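Here are a few notes from going through this one. Have the structure open while you read.

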Amino acid sequence: MKLSFPCGVNIALVELLRRTMMCRTTNKTFLERAKYLMSTRDKQLLHLVFGGHVKDPRGLEFDDPSKLDIVGIYPNNAEALDAWRAKSHANVDDANVKYVLVHLHRLLEDPEHEKDD
């Protein structure tokens, strides 16, 4: 598809705008992401929030997985994000405590997870 632009429009600027409109996590444009979100808005999209003490604040290796704080499983991203934010803010003084939000629906929809190891 060839785009034509009015006189004086800098092609480099247009390319920069296109790149900034790409979603960082999925490498899709905001329009593609919005279409996906609209198609899944009535679906249940499970999210898991958990955390605990990590060995290194820059990583995700937990000291003792048996002592993980399982905050909960949530039906949508907004509720999970609220729970994650509340737990993370409550532990802001301890750099070695980290909470994560896992998109379970992505793992469950991935055909690779059904393959035997």
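1. A definition before anything else: a polar contact here is a pair of N or O atoms within 3.5 Å, where, within protein, one must be able to donate a hydrogen and the other to accept it. Residues adjacent in sequence count only if both atoms are side-chain atoms. With that in hand, look at H47: its side chain reaches the backbone oxygen of L45 at 2.7 Å. Keep in mind throughout that this is a predicted model.

2. The side chains of H47 and H105 are joined by a polar contact of 3.5 Å.

3. Is H47 buried or exposed? Its relative accessible area is 2%, and the cut-off for buried is under 20%, so H47 counts as buried. Leaving out residues up to four places away in sequence, H47 touches a list that includes G72, I73 and Y74, then N76, N77 and A80, and also L101, V102, H103, L104 and H105.

4. Now zoom out to the strand. H47 lies in β1, which covers residues 47–53. Six of the seven residues in β1 are buried, so the strand is largely enclosed by the rest of the structure.

5. Which strands does β1 pair with? One is β2 (residues 69–74), joined to β1 by five bridges and running antiparallel to it. The other is β3 (residues 97–103), also antiparallel, with seven bridges to β1. For landmarks, L48 has I73 as its bridge partner in β2, while V49 stands opposite L101 in β3.

6. A reminder for when you look along the strand: in a regular strand the side chains alternate between the two faces of the sheet.

7. On to the nonpolar side of things. The largest nonpolar core consists of six residues, namely L48, F50, V54, F62, V100 and L104.

8. Finally, the overall picture. The protein has four helices and three strands, arranged along the sequence as α-α-β-β-α-β-α. Of its 117 residues, 19% count as buried. Among contacts with a separation of 6 or more, 57% are between residues 24 or more positions apart. The accessible surface comes to about 9400 Å², and carbon and sulfur atoms account for 57% of that surface.

Technical notes
Residues are numbered from 1 along each chain as its sequence is written. This is a predicted model: local features need pLDDT of at least 70, side-chain atom pairs count only at pLDDT 80 or more; totals for chains, interfaces and linings use all residues. Side-chain values use heavy atoms; hydrogens and water are left out. Buried means under 20% relative accessible area, exposed over 50%, partly exposed in between (1.4 Å probe, protein chains only). Helices (H or I, at least four residues) and strands (E, at least two) are DSSP runs, numbered from the N terminus. Two strands pair if DSSP finds at least two bridges between them. A nonpolar core is a set of buried Ala, Val, Leu, Ile, Met, Phe, Trp, Tyr and Cys residues joined through side-chain atoms within 4.5 Å. Contact means heavy atoms within 4.5 Å. Accessible areas come from the Shrake-Rupley method with a 1.4 Å probe; for residues, only the protein chains shown count as cover.
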